[in-house]
Amino acid sequence: MSETYTLSSQEKKFVGWHLLIALIALAIGTLFGPLQTFEHAGLDLYPYMKPVIQSYYQGLTLHAVLNALVWTTFFITGFLTFLVIYGLKRPLRYPTLNKAGFWVMVVGLLVAAVPILLNQASVLYTFYPPMEAHWAFYVGLTLVVVGSWIEGYGFYFTYTAWRKENAGVRTPFIAFASILTMVMWQIATLGVAAEMLTMLIPWALGLIEGTDAQLARTYFWFTGHPLVYFWLLPAYISWYALLPKQVGGKMFSDSLARLAFWLFLLFSVPLGFHHQYVDPGVPQAWKFIHAVLTFSVFFPSMMTAFTVIASLEYGARQRGGKGMFRWILALPWNDPSVTAQLLAGILFMFGGIGGLTNAAYNVNLVIHNTTWVPGHLHLTVATGVTLSFMGITYWLVPYLTGKKLWKPQVARIQAWLWFVGMIIFSNAMHVLGLLGAPRRTPLGLAPYVPPEWNSRLLQVGLGGAVLLVSAVLYFVVLAATAWSKETASEAEQVEVPVAESLQPVSATPLWLDRWTPWLAGTVALILLAYGPPLYELLKNMSLTSPGFRVW
Ligand code: HAS
Ligand code: CU
C-alpha cells in the first residue's frame, strides 16, 4: 500500500460540499446563541428581530437544530467520507450512491428549514410531542437521517471492496473508526425513525388523532443519547490518530484505540433513560440499569483521556519537552489546529465530570431541566466537539482548497476566545442551574428571578459576547482562506496528518478487527436494555394526546 493518497478534485469537492453546508448552518445557528445570552443578561434584542424571528423559542429552535443537528451531521458525514477514502486509500465504490445520499440530506434540510423559518415548528431540537410542528419539519429531518444512511451504505460497499483487495490486513484505524461511527449512528437512529414514521408524521398529516408522549420521549432518547457519541467519535478519531501527528508524535496504541471504539459501539445506545430519570412512565429498575450502563460508557472516554494525553506527551517529549507537566508547553501551540483541539480536550474533561454528575440519579433530580444541562452540553458538543471540528477545518479547508490558511495567528486567537468565552458562559450556567434556574426559558423576562442570579446572568451574557467575537473570527478566517487568490506552493501544501502507531498495526489482535461478535453483542445489549420497557410501552400505547402549539 502506498503511504499517501491524494483525493481527486471530485472527491475534494464532494467533501467540501458537506463542509460548506455544515458551516452555513453553524454560521446562522451560532448567532442565536449570543442573542439568548444577551436576553438572559437583560438585553432583549428579540423585539428588533420581529419581522424575521417571532420569539425566543423560534430562535432557540434555530440555534439547536442548526448547530446540534445540521452542523454536526453534515460536517461528520463529510469528514467520515474523507477518512474512509483517505484511510482505505481507494475511491468510494459507488460515488453516485454517496452523492444521492448527500442530496437527500440537502433536500431534507431545505424541507425542514421552511416551517422553522415560518415559525411553524418552534418545538426545539427535541421536538417532544404533544407540541406539534408542521409535517414538513418531521419529514425534512427524516430525510436528513435517511440521506446519511445512504451515505453510510456507500461506506460499507467501499469497505467490502477494500477488504476483498486486502485480505488479512488490519483495517486502517481512521477508516475503521469512521465506519464504526456510521454503524453506531444507523443503529441509534432507529429510535427517531420509529418515532417519525409511526407517530409524528402520520399525526402531523392528520392520519392519526394523537400521540403517546411517554413512548415518543423513549423513542427520542433511544437516538438522543447515542447522538452525542455520533458527535463525539469523529473528534475522538482526530484526537487519537491525527492530533498526535500534528504534535510530532505517534498514536500511543492502535489496539487500545480500537478497543475504545468497540466499547462505544457496545455501550452508546442502551442508556437513554438517563435523560428520563423524571419520567413517570419508565419503571425504576430500568432507570437503574441504564444508569449502570451510563457508567460503563464513561470507561472508554477515560481510556481515551489517558491514551490521547500519553500520545501528546510522547510527541511533546520528542520535541524536547521535559518535566512532569512542563512538556505541555512544548506542544506546538502556535498551530491553530492543535491549539483548538487541545483547548477542546481540556474543557471536555470538565464536560465529562459534569456528565458523571448528571448520570447519578439523585443528583440528576437537582440539575434536570435547569441551566446546568445546557452548561454541560456546551462543554461537550459545543466545545469538545465543535472546537475540535473548527481545529480540523484549519487544516482540512486548506487541504481541500489548495489555499494557505489565512492569518494563523487570528485562528489561534479565535480558539482561545472560544475557550475563554465558554468557560465564562458554561460556569455561570452550571451555577445558575444549581440555584434552580430553569433551562429553555427567557430568564431576562421571568418575573421570579431572585437577586442572587443577576451576577451570573450577566456572566452568561459576557460569555456569549466573547463567543460571538470568536465565531465571527472563525468565519472570517475560513472565508478569507477559501476566497484567497493565493494558492499554496508545492512546499506549502497541507499534508494529511495521520499518526503511525507506536506498536506495529499488524500486532493488533484480530478480534479487534472482527465485526460479527461486536455487532452481535451490541444488538443483544440493546435488546436486553430496551426490549422489555419498550414492549411494555407499546403494549400500553395510547395515541390520545392532541397536538398543542405553545408558541
Ligand atoms: Fe451528556 C445531557 C451524561 C457526555 C451531550 N449531554 C446531555 C445533553 C447533551 C449532552 C446535548 O446522565 C442535553 C440533552 C437535552 O437537551 O436534554 N454525558 C453524560 C455522561 C457523559 C456525557 C455520563 N454529553 C456527553 C457528550 C456529549 C453530551 C460527549 C456531546 C458530545 N448527559 C448525561 C446525562 C444527561 C446529559 C445524564 C441528562 C441530563 C438531564 O437531566 O437532562 C460521559 O460520556 C462523559 C465521558 C467523558 C469523559 C472525559 C474524558 C476526557 C477526555 C479529554 C482528554 C483531553 C485532551 C486534552 C485530549 C470521561 C477524553 C489534553 C490537553 C493537554 C493540554 C494535555
Ligand atoms: Cu445522554
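This is a predicted model: local features need pLDDT of at least 70, side-chain atom pairs count only at pLDDT 80 or more; totals for chains, interfaces and linings use all residues.
Local features need pLDDT of at least 70 and side-chain atom pairs pLDDT 80 or more, while totals for chains, interfaces and linings use all residues. Residues are numbered from 1 along each chain as its sequence is written, chains are lettered from A and ligands numbered from 1 in written order, and side-chain values use heavy atoms, without hydrogens and water.

**Ligand 1**

The iron atom of ligand 1 has a single protein donor, NE2 of His-376, at 2.2 Å. Donors are N, O and S atoms within 2.8 Å of the metal (3.2 Å for Na, K and Ca); water is not among the atoms, so sites may look incomplete. His-376 belongs to helix α12 (residues 372-401); helices are DSSP runs (H or I) of at least four residues. The copper ion (ligand 2) is 4.6 Å from the iron atom.

| Residue | Ligand 1 atom | Distance |
|---|---|---|
| His-274 | oxygen | 3.5 Å |
| Asn-358 | nitrogen | 3.5 Å |
| Asn-364 | oxygen | 2.8 Å |

Two or more residues of the shell come from each of α7 (213-246), α9 (284-318), α10 (336-359) and α12. Helix α10 contributes the most, 10 residues.

**Nonpolar core**

The largest nonpolar core has 176 residues, and Phe-74 is among those with the most contacts inside it. Such a core joins buried Ala, Val, Leu, Ile, Met, Phe, Trp, Tyr and Cys residues through side-chain atoms within 4.5 Å, buried meaning under 20% relative accessible area (1.4 Å probe, protein chains only). Helix α2 (residues 56-88) gives the most to this core, 21 residues.

Notes:
Buried means under 20% relative accessible area, exposed over 50%, partly exposed in between (1.4 Å probe, protein chains only). A polar contact is a pair of N or O atoms within 3.5 Å; within protein, one must be able to donate a hydrogen and the other to accept it, and residues adjacent in sequence count only if both atoms are side-chain atoms.
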